[in-house]
Amino acid sequence: MTSDVLIIGGGIIGLACAVELKLRGANVTVVCRDFTAAASHAAAGMLAPDAENIADAAMLDLCRRSLSLYPYWISKLEELTAKKDLNNTGYWPCGILAPVYQEAGEKKEFIPNHQSPAYWLDKAAIHEYQPGLGADVVGGWWYPENGQVDNQTLVKVLRTAAESLGVSFKDGVTVEAIAQQQGQVIGIQTNIGFLRADHYLLAAGAWSNQLLPLTVHPRKGQMLRLRVPEFVTELPLTRVLFGKNIYIVPRRNRSIVLGATSENVGFTPDNTPAGIQSLLEAATRLYPQLADYPIQEMWWGFRPATSDELPILGESHCSNLTLATGHYRNGILLAPVTANLIADVILSQTTDPLLTHFHYSRFQNTPVPTQSSTTTSMLTHPANFTNGHSKNLSIQPAEFNLQDSGLVIAGKTFQSRLMTGTGKYRSIEEMQKSVAASGCQIVTVAVRRVQTNAPGHEGLAEALDWGKIWMLPNTAGCQTAEEAIRVARLGREMAKLLGQEDNNFVKLEVIPDAKYLLPDPIGTLHAAEQLVKEGFAVLPYINADPMLAKRLEEVGCATVMPLAAPIGSGQGLKTTANIQIIIENAKVPVVVDAGIGAPSEAAQAMELGADALLINSAIALAENAPTMAYAMGLATVAGRIAYLAGRMPIKNYASASSPLTGTITA
Ligand SMILES: Cc1cc2nc3c(=O)[nH]c(=O)nc-3n(C[C@H](O)[C@H](O)[C@H](O)COP(=O)(O)OP(=O)(O)OC[C@H]3O[C@@H](n4cnc5c(N)ncnc54)[C@H](O)[C@@H]3O)c2cc1C
Ligand SMILES: CC(=O)[C@@H](O)[C@H](O)COP(=O)(O)O
């Protein structure tokens with residue numbers, strides 16, 4: 001199947017973009033795992049840039065732009081669906097009233113932004129303006145330009161509009177992986193097969209990081225709906241009440257939506273007594289007569305949150321993949337502006353200057369924190385190490401004007417260029433100290449050994465702080481491609497279980513021979529091809545074979561990892577000439593892995609231009625492992641600095657250091 005644009009996600013963002021792209025002439029397909037399970041159905045539908053008190057200027061600008069597009073957008077949608085039964089979106093620019101209690105400072109919370117009117121009502125005014133408020137309301141803000149839409153009917157209208165325009169909407173289709181090759185998406189793997197398009201849009205809400213390593217995570221919200229009882233003839237509320245930990249959204253159809261909790265519990269489903277109780281308590285404090293209204297329905301949803309609470313919009317690391325995700329609390333509000341800006345990016349290749357503020361790379365420049373952090377430079381090494389001594393050998397590369405943009409693997413930036421392992425240590429404690437002393441940010445873990453609690457691996461997964469260290473699951477112990485693929489999938493689950501939801505990295509090892517531990521090039525290539533299709537960032541361990549390295553890069557591997565010498569041999573750099581060819585030709589990072597025995601060899605590999613090193617045995621088997629780890633960290637930094645400084649040329653003959661002219665003759 002081919003289509004111009006394939007959209008992953010059938011929530012409000014995917015659908016709004018689909019309609020806009022289709023109206024501008026594109027051929028559009030939307031794939032969606034579950035239409036009704038989207039945050040877009042769970043939301044309250046407030047259009048509340050002012051009541052939300054958004055501090056970020058660019059975000060406020062984006063929200064207000066979207067609010068101003070709403071009336072036209074809604075009338076366009078209602079027109080597109082005029083002949084259908086369902087064409088009422090419940091759009092209602094009813095204003096939002098934000099009452100406050102006696103608690104200190106609440107009045108000052110609203111930051112005037114000169115773009116939107118906001119009026120302060122004192123106690124007498126607010127009770128007169130909105131009868132029935134709780135007696136302890138002491139005043140409040142009135143935002144006349146804010147409003148609401150019935151998000152549940154809006155998404156249905158959007159879907160109807162999209163389908164009637166000719167958008168192909170495939171519900172019940174799960175995207176399992178985004179297959180990438182050399183900076184391009186080549187297709188998506190789904191439960192109904194492999195789908196291709198010219199361009200792709202990721203709009204998968206809170207689930208986006210299951211497909212790409214984006215910092216989007218779910219923030220659960222519980223909601224409930226009351227009904228205005230029959231005996232109340234007039235609508236008691238005709239504007240949204242936005243209070244402390246509660247909003248009350250009256251719909252014109254006599255339902256009243258109450259929301260929402262904000263819970264950091266991953267994708268834990270269901271309503272809970274605690275969640276519902278907190279909503280009911282806050283709602284009846286703000287508007288006491290709700291205590292007698294019948295409860296109609298409860299539900300929950302997952303807001304797509306990012307760490308700065310701003311969306312991720314625009315280009316990605318692939319030229320034919322655009323991102324529209326992370327809309328967190330304001331995705332209903334932001335739908336029209338997102339659709340416009342994203343259609344501009346995809347169809348006209350024009351990027352509104354505002355989008356730079358929402359670029360995905362803003363998170364990648366944030367380094368993964370280390371256990372011992374010297375984050376002032378790109379060339380980190382531990383300033384202190386924790387085996388009882390404390391040394392301060394802080395090097396300041398900035399002073400030498402060195403430009404090192406860090407190690408970037410599959411779009412993720414690391415400050416340290418040393419990776420370490422966890423095997424062969426005499427104790428877990430020694431391993432922990434060594435990892436910390438090395439200053440590394442990536443630690444490889446043998447999935448099979450951890451899963452089976454093999455000797456020396458008991459409790460290992462829990463021994464490191466995976467909030468700080470990036471896990472590189474490896475397929476050690478796999479003799480065939482098939483085994484390695486299975487273990488890689490387990491590794492991804494393991495990383496998720498340990499809190500790294502967005503970790504799709506795998507160190508691929510296919511090693512049929514136990515004596516030399518040399519990797520099988522054909523099995524490695526086969527497994528790599530499959531794993532790339534499944535969306536893994538594949539880091540294959542290989543013999544130092546330049547042709548194989550090239551082939552692996554061509555199938556989309558994130559790095560190549562040529563060996564210096566057999567694993568655990570400590571023989572040092574035995575494959576220098578081939579590693580040099582690999583480095584010369586690679587467009588992905590080259591990580592020299594295995595066989596390094598001493599810091600001098602680590603430095604030497606880095607001096608050649610390797611992008612990083614993976615060292616395990618030389619650290620774990622040293623007499624003092626943490627101290628050796630520290631030395632390896634310094635050697636890696638030294639080698640990198642030397643590479644950047646540029647080595648002097650090797651000459652055949654001596655050349656005196658001091659001038660030969662002007663010498664005194666005897
Ligand atoms: C309780 C609550 C209250 C809210 N209140 C408001 C509000 O008042 N105002 C406001 O502006 N915003 C509100 N929001 C936020 C708003 O709902 C979201 O920002 C918005 O819905 C995000 O839309 P989306 O399309 O990006 O994601 P979603 O609506 O979550 O849609 C994502 C879609 O992607 C699909 N998908 C995911 N993974 C895959 C996959 N691998 N393969 C195929 N399909 C996939 C899902 O099935 C889903 O259909 C609220 C959210 C919640 C949870
Ligand atoms: C842990 C790991 O992945 C090792 O198999 C890796 O190849 C490092 O080799 P050394 O143990 O020789 O450093």
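In this predicted model, in which local features need pLDDT of at least 70, side-chain atom pairs count only at pLDDT 80 or more, and totals for chains, interfaces and linings use all residues, let me start with ligand 2, one of whose oxygen atoms is 2.8 Å from a polar backbone atom of asparagine 616; by a polar contact I mean a pair of N or O atoms within 3.5 Å, where within protein one must be able to donate a hydrogen and the other to accept it, and residues adjacent in sequence count only if both atoms are side-chain atoms. A polar side-chain atom of aspartate 593 also lies 2.8 Å from an oxygen atom of ligand 2, and a backbone N or O atom of glycine 595 lies 2.9 Å from an oxygen atom of that ligand. On its own ligand 2 has 360 Å² of accessible area, and the protein covers 92% of it; such areas come from the Shrake-Rupley method with a 1.4 Å probe, and for residues only the protein chains shown count as cover. The residues around ligand 2, meaning those with a heavy atom within 4 Å of it, include Thr444, Lys507, Glu509, Leu614 and Ser617.

A word on conventions: residues are numbered from 1 along each chain as its sequence is written, chains are lettered from A and ligands numbered from 1 in the order in which they are written, and side-chain values use heavy atoms, with hydrogens and water left out.

Turning to ligand 1, we find 40 residues surrounding it, the closest being Ser40, Met46, Val175, Tyr328 and Arg329. Oxygen atoms of ligand 1 lie 3.1 Å from a polar backbone atom of isoleucine 13, 3.2 Å from a backbone N or O atom of aspartate 34, and 3.1 Å from a polar backbone atom of glycine 331. The protein covers 99% of the 1000 Å² of accessible area that ligand 1 has on its own. Among the elements giving two or more residues to its shell are helix H1 (12-23), strand E2 (28-32) and helix H7 (331-348), while the largest share, four residues, comes from E17. Helices (H or I, at least four residues) and strands (E, at least two) are DSSP runs, numbered from the N terminus.

Now to the interior. Of the 666 residues of the protein, 56% count as buried, that is, under 20% relative accessible area, with exposed meaning over 50% and partly exposed in between (1.4 Å probe, protein chains only). The largest nonpolar core has 67 residues, of which Val538, Val592, Ile596, Leu613 and Ile615 touch the most other members; such a core is a set of buried Ala, Val, Leu, Ile, Met, Phe, Trp, Tyr and Cys residues joined through side-chain atoms within 4.5 Å. Helix H12 (residues 481-497) gives the most to this core, with seven residues. A second, separate core of 55 residues includes Val155, Leu158, Val337 and Ala339.

Finally, which residues of helix H14 (residues 546-554) are buried? They are Leu548, Ala549, Leu552 and Glu553, and, seen down the axis of H14, they fall within an arc of 140°, so they line one face of the helix, the arc being that of the directions from the helix axis to the C-beta atoms. Their cover includes helix H13 (521-533), strand E26 (537-542) and helix H15 (576-585), with contact meaning heavy atoms within 4.5 Å. At the start of H14, a side-chain oxygen of aspartate 545 reaches to within 2.9 Å of the backbone nitrogen of methionine 547, and after H14 comes glycine 556, whose phi is positive, near 110°.
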